[in-house]
Amino acid sequence: MIQQINNMSIRGGSPQVSDISYLKDYYTSHGHFPMFHQVLIETRTDCNNHCPFCPHAFNKKTLGIMTWNCYTTIIDQLVSIGYNGRVALMLSNEPLLEDRLENMIKYAKTKSQRLFLDITTNGRLMTVEIMDRLFSLGLDNVNINDYRGDRDTYPDRWSPSVEEVHKAYGNNPKVYFKKRRLDEKLPNYAGNIPQKHDKKDYGFCNYPFRKLTIAYNGDVLLCCDDFMYDTCFGNVMKDSLVDCWNAEAFNEYRKALLDNSRIGLCSKCNDHQNYSVF
């Protein structure tokens with residue numbers, strides 16, 4: 001089993017330079033990059049909101065739903081390698097549309113209490129009763145993004161569905177509330193949101209070094225910005241998570257990023273997560 005690294009390690013230098021140096025040294029010493037410490041599972045593909053800045057607004061994504069066998073295979077593999085990090089039960093979708101969410105939480109927590117289960121939601125379907133239930137089953141964290149088009153007029157207003165939840169959980173550290181706008185501008189999701197950019201302006205990004213991203217069909221993707229599944233480094237139903245993570249084609253992307261270069265899907269992307277996480 002590949003030993004996981006301590007993601008709280010501290011090294012000198014700027015975050016980007018420090019991460020690059022650390023990752024290069026790690027690869028030279030071990031012959032592979034450090035293991036992931038976040039897992040993103042796209043249990044289904046749809047969303048119940050229509051934010052104008054989201055990649056859903058620019059791409060027709062057909063409904064896809066992960067099979068139960070695929071989900072349990074992922075959890076079982078994570079437990080078998082001793083994984084103890086974040087498991088997000090969503091990707092670019094709305095997790096509260098998942099009618100198996102309670103069973104997914106129960107299954108994962110039955111297999112291991114060390115998995116940190118997390119969802120990010122727009123809160124439109126959330127109620128205090130649902131929140132109580134999810135936490136009672138073992139969910140560890142909820143992020144609620146309250147998107148409104150009247151933030152300039154009412155900067156402190158919560159949407160009705162979020163307001164009741166905020167009254168009940170506003171001081172609970174397991175719930176993070178954020179007031180969001182409908183005129184936000186996100187990074188371009190690897191070209192899936194039309195924006196002009198020059199790939200020479202963007203170098204290192206640490207997403208492919210820390211996040212294991214799994215599509216609804218079990219394919220392992222480059223990162224969470226691969227909205228339309230342009231990459232694939234194996235499938236969890238026939239390949240081990242470790243083999244997918246260490247695939248040579250995956251490493252080619254990583255090595256290019258470490259050399260301040262962007263290839264393939266990365267060349268279309270203007271996201272550049274470079275704060276230190278290793």
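How many disulfides does a search of the whole structure find? It finds zero, a disulfide being a pair of cysteine sulfur atoms within 2.5 Å.

1. Basis. This is a predicted model, in which local features need pLDDT of at least 70 and side-chain atom pairs count only at pLDDT 80 or more, while totals for chains, interfaces and linings use all residues. Residues are numbered from 1 along each chain as its sequence is written, and side-chain values use heavy atoms, with hydrogens and water left out.

2. Cysteines. A disulfide is a covalent bond between the sulfur atoms of two cysteines. Cys205 is in no disulfide, and the nearest cysteine sulfur, that of Cys223, is 6.3 Å away. Cys205 is buried at 7% relative accessibility; buried means under 20% relative accessible area, exposed over 50%, and partly exposed in between, with a 1.4 Å probe and protein chains only. For Cys244, the closest cysteine sulfur is in Cys232, at 7.5 Å, which is too far for a bond. Cys244 is also buried, with a relative accessible area of 1%.

3. Cavity. One cavity of 30 Å³ or more is found in the whole structure. On a 1 Å grid over the protein atoms alone, a cavity is a set of points where a 1.4 Å probe fits but cannot get out, and a pocket is an open set with protein on both sides within 12 Å along at least five of seven lines; lining residues have an atom within 4 Å of a point. Grid points are joined across faces, edges and corners, and a volume is the space filled by probe spheres set on the points. The volume of the largest cavity is about 100 Å³. Its lining has 13 residues, and Cys205, Cys223, Asp225, Cys266 and Cys269 lie nearest the centre. By class, 10 of the lining residues are nonpolar, none polar and three charged (Ala, Val, Leu, Ile, Met, Phe, Trp, Tyr, Cys and Pro count as nonpolar, Asp, Glu, Lys and Arg as charged, and the others, Gly among them, as polar).

4. The largest pocket holds about 1100 Å³ of space. Of the 41 residues that line this pocket, Leu91, Ser92, Thr120, Tyr147 and Tyr189 lie nearest its centre. Strands E3 (116–121), E4 (141–148) and E5 (175–181) are the elements that give two or more residues to the lining; helices (H or I, at least four residues) and strands (E, at least two) are DSSP runs, numbered from the N terminus. The lining divides into 17 nonpolar, 14 polar and 10 charged residues.

5. Cores. A nonpolar core is a set of buried Ala, Val, Leu, Ile, Met, Phe, Trp, Tyr and Cys residues joined through side-chain atoms within 4.5 Å. The largest has 70 residues, and Phe36, Val39, Ile41, Val87, Ile119 and Met131 have the most contacts inside it. Helix H2 (residues 68–80) gives the most to this core, with five residues. Apart from this core lies another, of seven residues, including Cys51, Cys54, Tyr189 and Ile193.

6. Helix residues. Thr73 has its place in helix H2 and is buried, at 17% relative accessibility. Not counting residues up to four places away in sequence, Thr73 touches Val236 and Met237, where contact means heavy atoms within 4.5 Å. Ser18, in helix H1 (residues 15–30), is buried with a relative accessible area of 5%. After helix H8 comes Asn260, with a positive phi near 60°.
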